[in-house]
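Subject: Handover of a structure and summary of findings

Dear colleague,

Please find below the structure that I am handing over to you. I would be grateful if you could read the notes after it with the model open.

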Amino acid sequence: GFFVDRKRNLSPSISTIAGARIDLVQTDVATDVPGTSGGVYDEFNFSDSELRRQFTTWAVFLNAEKQVNEIHTVSLGAGHSQRPPNLTELYADQSFIGSLQSGFTSVIGDPLLKPERLTQIDVGFASDYGRLKVEVNGFHAWINDYVVLEDLRGLPSPGEQIQFAVYGNTDLATLVGGECALK
């Protein structure tokens with residue numbers, strides 16, 4: 001990857017910082033591994049070219065900060081970024097995880113996943129009273145092609161049930177949040 005940023009003071013009370021990043025990612029998995037048999041990739045018949053993926057992802061951001069007076073500062077920022085799927089999301093072959101509620105969950109990757117694309121805005125307010133500093137920040141993000149786990153099927157077994165989940169992309173997810181800090 002390659003990253004660049006620049007901070008600039010537009011006036012004594014206004015400063016900006018802007019940046020950009022580009023990443024080149026290539027992934028691959030072998031379909032014929034000695035000593036293994038019957039994996040999920042055999043069932044879906046993925047070709048070698050479908051399993052070999054290349055991603056060119058990028059990010060840009062701009063943040064502006066204005067000192068309203070000696071005590072108060074406001075900030076506003078916006079950015080867009082992309083995240084390629086990780087190796088587990090692409091190539092997991094019935095791996096067990098314990099983070100889903102049903103207990104026994106086996107996950108399957110999707111080598112055709114798209115990268116996540118996030119657009120976000122940030123707002124902030126800070127006050128410096130000498131011995132006490134207060135910060136309040138908030139954000140709203142929209143994520144296209146967010147990677148999630150989807151229930152695939154449940155296979156009954158003696159005394160328990162194994163849940164199967166597959167990674168997939170959602171059309172749009174939103175995240176909203178904030179923080180407050182006293183220093």
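The notes below start with the overall make-up and then turn to particular regions.

Overall make-up

Please bear in mind that this is a predicted model. The protein chain contains three helices and eleven strands. Read from the N terminus, the order of these elements is β-β-α-α-β-β-α-β-β-β-β-β-β-β. Of the 183 residues in the protein chain, 25% are buried. The accessible surface of the chain amounts to about 11900 Å², and carbon and sulfur atoms account for 55% of that surface. Among contacts with a separation of 6 or more, 61% are between residues 24 or more positions apart.

Strand 1 covers residues 2–9. Of its eight residues, the number buried is zero, so the strand lies largely in the open. Strand 1 and strand 2 run antiparallel and are joined by eight bridges.

Strand 1, strand 2 and strand 3 each contribute at least two residues to the patch.

Beyond its neighbours within four places in sequence, Thr57 is in contact with Arg21, Ile22, Asp23, Gln82, Arg83, Pro84 and Pro115.

In soluble globular proteins, nonpolar side chains tend to be buried together. In the present model, the largest nonpolar core has eleven residues: Phe46, Leu51, Phe55, Leu90, Tyr91, Ala92, Val107, Leu113, Val147, Ala165 and Tyr167. Helix 3 (87–91) and strand 10 (160–169) each provide at least two residues of this core.

Leaving out residues up to four places away in sequence, Val147 touches Arg83, Glu89, Leu113, Lys114, Glu116, Tyr167, Gly168 and Asn169.

Salt bridges

How many salt bridges are found in the whole structure? The search finds seven. Several of them are described here.

Asp23 and Arg21 meet through their side chains in a salt bridge, with an N to O distance of 2.8 Å. Asp23 is buried, at 18% relative accessibility, whereas Arg21 is partly exposed, at 39%. Both residues are also among the contacts of Thr57.

A salt bridge also links Asp28 with Arg52, where the closest N and O atoms are 3.3 Å apart. Asp28 is in the loop between strand 2 (14–27) and helix 1 (40–44), while Arg52 is in the loop between helix 2 (48–51) and strand 3 (53–67), so this pair ties together parts that are 24 residues apart in sequence. Both partners count as partly exposed: Asp28 has 42% relative accessibility, and Arg52 has a relative accessible area of 43%.

The side chains of Asp145 and Lys114 form a salt bridge as well, at 3.7 Å from N to O. Asp145 sits in the loop between strand 8 (133–144) and strand 9 (147–157), and Lys114 sits in the loop between strand 6 (105–108) and strand 7 (116–128), so the pair ties together parts 31 residues apart in sequence. Asp145 is buried, with a relative accessible area of 8%, while Lys114 is partly exposed, at 46% relative accessibility.

Finally, Arg83, Glu89 and Glu116 are linked in a network of salt bridges.

With kind regards

Terms used. Residues numbered from 1 in each chain as written. Predicted model: local features only at pLDDT ≥ 70, side-chain atom pairs only at ≥ 80, totals over all residues. Heavy atoms only, no water. Salt bridge = Lys/Arg side-chain N within 4 Å of Asp/Glu carboxyl O. Buried < 20%, exposed > 50% of the residue type's maximum accessible area, 1.4 Å probe, protein only. Helix = DSSP H or I, 4+ residues; strand = E, 2+ residues; numbered from the N terminus. Core = buried A, V, L, I, M, F, W, Y, C linked by side-chain atoms within 4.5 Å. Contact = heavy atoms within 4.5 Å. Pairing = 2+ DSSP bridges. Areas by Shrake-Rupley, 256 points an atom, 1.4 Å probe, with all protein chains shown as cover.
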